[in-house]
Amino acid sequence: MPEAKTPTRTPGTEGPLAGVRVVELAGIGPGPFAAMFLADLGADVVRVDRPGGPGLGIDPAHDVTNRNKRSVVVDLKAPDGPARVLDLAERADVLIEGYRPGVAERLGVGPRDCHARNPRLVYGRMTGWGQEGPLARRAGHDIGYIALTGTLGMTGAPDVPPAAPANLLGDYAGGSLYLVVGILAALHHAREDGTGQVVDAAIVDGTAHLSAMIHGMLAAGAWQDRRGANLLDGSCPFYGTYETADGRYMAVGALEPQFYAEFMRLLGIPDLAPARDDPARWPELRAAVAARFKSRTRDEWTAVFADSDACTAPVLSLREAPHHPHLAARSTFTEHDGITQPAPAPRFSATPTTVRTGPALPGADTEAVVRDWGLPRAWGGPAPASLPNPNPAVHNPQ
């Protein structure tokens, strides 16, 4: 069996993945976030940007998902483009791509090409529909992926269309995080066995997997297959959100009896506490709870429920969240180069993580990557000029 490779921890690097090399073929959405996650954990992530700029057109200096990375620019349609990527793959532990199935192969940087140069490589593929199946080659976005898995249909009130949870549930929870878990598992296998493999991370697979507990409840008769009829979908009066006097909201999650009793006492309607166990009285209970919350502002109710076990919290905006006392005390958010952003997570006692660098600017790190990765001299030339997107297929979402 080939000897397992041990990463070299470079002085000054941080995180449990220090010494792990990752190549990211630039894309949008879940692929870049997965690569950012690995970079936050200390991996040396080199993002291969294409000529023509970022896919979403935002200022690269503000694209937080490119923090802690380095960037080179490669035109994969140029004669030497694929060879440059293979030079990187030969020296890497992981490669991430988010093209439609077959595109990487047509470009000459698919798994077969990369494994011919580096059999240990973990080749991570991030798509919405997966590498095979009737929809595999179709375009798509988060909302369509979660729609087919049944998870979108769980959100929102029963008398209105399902509520779109931004693109957090599909792209990032069902996509990026499953790609990261798969890469880490395959990386462990490569270290033990000396053999790399392909990780097929499809958003439909990951999002469906997230609903495992709900499917168990459905099978047991403890979950109804419709919105607004279940304990955790907002229909329960003591698990949901309520508007306050100033047009803001409070979130309530007082599920257990002892927490519910505390919630009702502080809300000021303890006489309705027995209604918890009588679903027939839930409309009455909801109306009473809603009326009470409308009598005071969000901040006033926040003060009422502070330091209690009533499982009630203010619904904060993105700009408010970093200033909450608990999140501020934990440094859940951090500021780097003038951008307030979530700090790396989770936390490690022996190999702490941090935001080491701001978003990588396209092509800005070519010389350093050539030096540090021992790339051929041909890599040392100037970055390719900014050109129109040479391969429109790779801009198609997932």
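At 85% relative accessibility, D307 counts as exposed in this predicted model. The residue is found in the loop between α11 (298-305) and β9 (312-314). Although D307 is not a glycine, its phi is positive, at about 60°. S331 lies in the loop between α12 (325-330) and β10. P346 is found in the loop between β11 (339-342) and α13. Most residues other than glycine have a negative phi, and most peptide bonds are trans.

Strand β10 covers residues 333-336 and includes H336. The relative accessible area of H336 is 18%, and H336 is therefore classed as buried, the limit being under 20%. When residues up to four places away in sequence are not counted, H336 touches Q341, V355, R356, T357 and G358.

The model contains an open sheet of 6 strands with parallel pairing, in the order β3-β2-β1-β4-β5-β6. Its edge strands are β3 (69-73) and β6 (197-202), each of which pairs on one side only. On average, neighbouring strands of this sheet are turned by 20° against each other, direction ignored. Strands of a sheet pair through backbone hydrogen bonds, either parallel or antiparallel. Between β1 and β2, which run parallel, there are 5 bridges; R21 has D44 of β2 as its bridge partner. Strand β2 (residues 44-49) is likewise joined to β3 by 5 bridges, and these two strands run parallel. Here D49 is partnered by V73 in β3. Strand β1 is mostly covered, with 4 of its 5 residues buried.

Helix α13 (residues 366-373) lies across β1 (21-25), β2 and β3 and runs at about 105° to β3. Helix α7 (residues 203-210) lies across β5 (122-127) and β6, and its angle to β6 is about 65°.

The largest nonpolar core has 28 residues, and V22, L38, I96, V122 and L179 are those with the most contacts inside it. At least two residues of this core are supplied by each of α1 (30-40), β4 (94-97), β5, α6 (168-193), β6 and α7. Helix α6 gives the most to this core, with 6 residues. Apart from it lies another core, of 26 residues, which includes V23, V46, V48 and A104. In soluble globular proteins, nonpolar side chains tend to be buried together.

I96 illustrates the surroundings of a residue in the largest core. Not counting residues up to four places away in sequence, I96 touches V22, V23, E24, L25, G31, A35, L38, G124, L179 and I183. Of these contacts, V22, L38 and L179 are also named among the core residues with the most contacts.

Two packed helices are described by the angle between their axes and the distance between the axes. For α1 and α6 the packing angle is about 50° and the axes are 9 Å apart. Helix α1 is therefore oblique to α6. The contact is made by P30, F33, A34, F37 and L38 of α1 and by D171, Y172, S176, L177, L179, V180, I183 and L184 of α6. The crossing of α1 past α6 is right-handed. An α-helix has 3.6 residues a turn, so residues three or four places apart point the same way.

Helix α2 (residues 81-91) is also mostly covered, with 8 of its 11 residues buried. The buried residues of α2 are G81, P82, R84, V85, L86, D87, L88 and A89.

Key
Residues are numbered from 1 along each chain as its sequence is written. This is a predicted model: local features need pLDDT of at least 70, side-chain atom pairs count only at pLDDT 80 or more; totals for chains, interfaces and linings use all residues. Side-chain values use heavy atoms; hydrogens and water are left out. Two strands pair if DSSP finds at least two bridges between them. Axes are lines fitted to C-alpha atoms, for helices over the stretch in contact, and angles run from 0 to 180 degrees between N-to-C directions. Contact means heavy atoms within 4.5 Å. A nonpolar core is a set of buried Ala, Val, Leu, Ile, Met, Phe, Trp, Tyr and Cys residues joined through side-chain atoms within 4.5 Å. Buried means under 20% relative accessible area, exposed over 50%, partly exposed in between (1.4 Å probe, protein chains only). Angles under 35 degrees count as roughly parallel, over 145 as roughly antiparallel, 65 to 115 as roughly perpendicular and the rest as oblique. A crossing is left-handed if the near helix is turned anticlockwise from the far one by less than a right angle, and right-handed if clockwise.
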